[in-house]
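Q: Could we go through this structure together? I would like to begin with the overall picture and then turn to one helix pair.

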Amino acid sequence: MTVRIALVGNPNSGKTTLFNALTGSNQSVGNWPGVTVEKKEGRLQSADALVTDLPGVYSLSPYTPEELITRSYLMEEAPDVILNIIDGTNLERNLYLTTQLLELGIPLVLAINMMDAVERRGDHIHVEKLGRMLGCEVTVMSAMKGEGVEEAAQKAIAIAAQKKLAIPKTCFHGAVEHALAHIEERLLHDRPEQQQRFLAIKLFERDEKVIAMLGLTREDQEHIEYDIKLCELQQEDDAEAIIISARYDYVESVVDACCTRKLKKGISASARIDRLATHRIFAIPIFAAIMMLVYYVSVTLVGGWSAGLVNDGLFGDGIFLFGHGQEAYETATSDYELSLRKSSAFLDAAERSGIEVSAVRTGTATPQEEAAFLLHAAGLHEKTSIYDEEGGLLYEGLVGPDDYLNAKGLEEPVQADYGTFLPGLPVVLGDALERMGTAPWLQGLVLDGIVAGVGSILGFVPQMLVLFFFLALLEACGYMARIAFILDQIFRRFGLSGKSFIPMLISTGCGVPGIMASRTIESPRDRRMTIMTTTFIPCGAKLPLIAMIAGAFFGGAWWVAPSAYFLGIAAVLISGAILKKTRRFAGEESPFVMELPLYHLPAMKNVLRSMWERGWSFIKKAGTVILIASVAIWFTSRFGFVDGSFVLLSEEALSESLLAKFGALLAWIFVPLGFGSWQASMATLLGLLAKEGVVSTMSVLYGVADGGYAVLQAAMTSGAAFSFMTFNLLCAPCFAAIGAIRQEMQSRSWFAFAIAYQTGFAYAVSLCVYQIWRVLHGGGFGIGIVAAVLILVGFLFLLLRRSPTSKKPVQERTESLC
Amino acid sequence: MKTLKELPVGQSAKVLKVHGEGAIRRRIMDMGITKGAEVYVQKMAPFGDPIELIVRGYSLTLRRADADRIEII
């Protein structure tokens with residue numbers, strides 16, 4: 001029969017290391033129902049046993065989700081044995097939890113971890129005596145070195161087989177013991193005997209979850225209340241404090257009896273590191289340096305390299321081996337394209353002066369026709385300007401027949417001529433599809449929809465893995481707790497945690513790993529706030545949009561890009577200040593009573609495992625939700641009705657696509673923001689696929705390549721353009737990030753709230769931007785400015801109002817658990 | 001009433017009582033700040049809040065507002 005072992009212990013006690021050592025790769029990771037707390041299970045390698053890794057807890061109180069999960073698992077699932085891992089260098093606080101576990105009526109083995117560190121300190125723990133005093137089996141180990149791990153597991157299995165119960169020995173004051181006996185006798189006689197003591201103590205503590213679980217009547221409660229009050233009067237303290245103090249006093253006496261400590265001289269290495277790492281002056285520079293290093297290595301170095309490799313190589317046209325030939329090929333290609341454009345500009349000019357060009361243009365002209373054309377157009381030269389996709393000037397000057405003849409002789413550069421070229425997946429797939437003779441729409445679906453959509457997201461995987469590696473490292477070595485310590489003062493004013501800094505920083509590169517980095521924040525409230533606000537920070541994909549708006553409407557003014565970042569930061573802070581006062585976020589402030597664990601060298605295995613688990617969960621997302629969304633957007637943007645039939649559209653006919661029609665339907669929504677055109681709506685919709693798509697869509701739809709920035713300037717005022725940028729920077733992020741939000745929120749309603757808030761906030765801010773700009777530039781006083789003023793007043797009210805003082809000590813979310 | 005908030009950095013005191021109610025108070029006590037426990041103020045964060053304590057042989061950090069609930073002698 002399978003033995004079920006529950007692994008319980010304090011955070012930082014080495015629980016994860018032990019779990020990994022016990023189960024190796026036979027693990028499954030999931031979530032406990034209804035909460036974002038990770039659930040891990042694994043099979044023992046050496047025996048038929050299932051190990052459940054319970055969340056790290058300090059106590060079995062009813063307040064945090066972790067504690068509730070651990071408690072209800074132990075009470076309801078009744079595992080065969082508890083393997084309680086404790087940190088040998090920190091016996092008192094660790095054994096405090098043990099005193100509670102011993103009362104549950106489940107066989108228990110105490111595994112003292114980090115014995116090597118204890119010995120190094122020169123301390124000694126009398127293991128046998130400790131076991132005798134506590135009334136349970138004790139074993140020692142160093143999980144990091146793998147010493148004693150197998151023995152602990154074997155002991156746990158043996159104890160489970162014997163069903164040997166520990167005898168709880170916590171001695172409370174006489175009056176308390178009397179009250180406990182009374183409670184057991186009166187209310188708990190029909191419960192299993194081994195659970196009675198635990199339940200009686202919880203009832204004595206007035207634990208609401210247990211009262212509800214047992215279904216006590218008012219009369220029952222009043223009856224025991226008399227005994228509790230009596231004890232409280234006698235000891236001049238409340239019931240909870242009486243029990244906790246008694247436990248700690250008991251643990252103190254046990255530790256004094258079983259542990260000989262060497263008198264400390266000097267300070268420990270950990271304290272010495274902390275002297276610098278949390279120093280009043282040096283802490284911030286050190287923190288900044290570490291963050292810059294993490295950012296530089298993952299986003300700039302690995303991110304830049306891998307995005308190039310994956311986006312251009314694997315999911316692009318392909319790459320040159322070691323980059324040889326890349327530059328030459330690019331120059332050749334752009335020269336080639338420019339020649340074609342000049343030739344086509346010349347043909348346009350010829351056409352305007354009444355010369356027949358259609359046959360020449362399509363290359364189907366007979367030699368006679370071509371000669372006739374050249375004769376007619378011989379003296380024709382016209383001044384023209386040619387722009388690139390983002391509106392940059394490529395050529396300005398005359399075009400003439402030479403340009404036509406020149407282009408005619410040119411052949412498109414082939415990569416293979418410039419170096420060893422490795423074609424990308426789309427090229428290989430495209431060739432294969434072509435050879436199989438598949439329909440164009442199917443090729444489009446596979447290449448532009450699936451490969452391009454998922455590929456652009458998978459390009460982020462390498463840098464995400466590096467980032468997650470660093471995060472796991474910072475967490476495991478103990479620095480993450482210090483980050484929270486250093487920055488708490490600043491961030492909590494905005495409803496965020498000191499640890500929110502990391503997701504925000506990472507989001508300047510890409511919002512997806514940024515959102516996923518929020519997992520290091522323990523408090524669900526701070527974590528949600530971080531997830532909701534972190535994508536306000538402009539990510540790398542939004543930079544082309546900022547560049548386009550700055551170039552096209554503000555003459556490349558220096559202040560546009562900083563203003564985008566300023567806008568993002570302001571949006572985070574204002575949202576934090578507003579949201580923390582809303583009903584959803586209200587309630588008791590999340591406690592900041594946190595252990596600062598000793599610095600230690602992390603176990604590489606754990607760090608890599610944590611990196612992989614986070615990375616893999618994202619890759620799975622990219623393969624499912626993001627895939628479907630990409631395909632849907634591609635389909636609607638490339639198909640439409642032309643002359644009554646439903647067809648695949650060419651790039652020039654995108655205005656007929658379903659998405660364009662849908663954009664036209666939505667355009668009225670954006671009229672108050674100044675950009676109520678179907679083009680702008682469609683670009684915004686396509687931005688959901690990837691934000692860099694906003695720029696290319698605008699270029700294609702407005703024909704920037706032919707007319708330069710002038711066409712954009714004709715279509716929008718600069719106020720509307722800034723408002724357009726504002727909306728696209730702040731509104732719901734791309735599908736990849738939306739998927740990450742969905743995954744990290746673990747709740748439909750929170751997910752919907754986040755997306756709705758972001759989009760609503762973006763709308764309100766853009767409206768104000770546009771309407772205020774309009775009035776300042778001589779636009780009439782209208783309903784728009786009234787709305788803008790109302791919104792501003794609303795923001796001020798939300799910012800300045802007093803927080804609703806709802807006192808709900810227990811978060812709603814956790815109520816279903818016990 | 002003298003509280004932990006007033007205790008200067010580098011000094012120790014004994015805990016007399018943890019005031020208040022609810023989750024934060026329980027958490028403070030669960031972490032070992034109980035009647036009679038000895039606490040030492042190790043340092044202040046760079047911006048003055050929170051503070052770092054040594055209690056029962058390990059480092060614990062809490063905000064000054066919460067330290068104000070902890071009565072000491």
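Q: What does the secondary structure of chain A come to?
A: Chain A has 37 helices and 16 strands, where helices (H or I, at least four residues) and strands (E, at least two) are DSSP runs numbered from the N terminus. This is a predicted model, in which local features need pLDDT of at least 70, side-chain atom pairs count only at pLDDT 80 or more, and totals for chains, interfaces and linings use all residues. Residues are numbered from 1 along each chain as its sequence is written, while chains are lettered from A and ligands numbered from 1 in the order in which they are written.

Q: What box do the C-alpha atoms of chain A fill?
A: Along the principal axes, the box is roughly 115 × 65 × 55 Å.

Q: Which domains is chain A divided into?
A: They are domain 1 (3–162), domain 2 (174–260), domain 3 (326–417) and domain 4 (479–596 + 624–636 + 664–679 + 690–818), with bounds from an automatic or database domain assignment. The centres of domain 1 and domain 4 of chain A, taken over C-alpha atoms, are 43 Å apart.

Q: Now the helices: which residues of helix 25 of chain A meet helix 31 of chain A?
A: A:P544, A:L545 and A:M548 in helix 25 meet A:E692, A:V694 and A:V695 in helix 31; contact requires C-beta atoms, placed from the backbone, within 7 Å.

Q: And how many of the contact residues are nonpolar, polar or charged?
A: Five are nonpolar, none polar and one charged. Here Ala, Val, Leu, Ile, Met, Phe, Trp, Tyr, Cys and Pro count as nonpolar, Asp, Glu, Lys and Arg as charged, and the others, Gly among them, as polar.

Technical notes. Contact = placed C-beta atoms within 7 Å.
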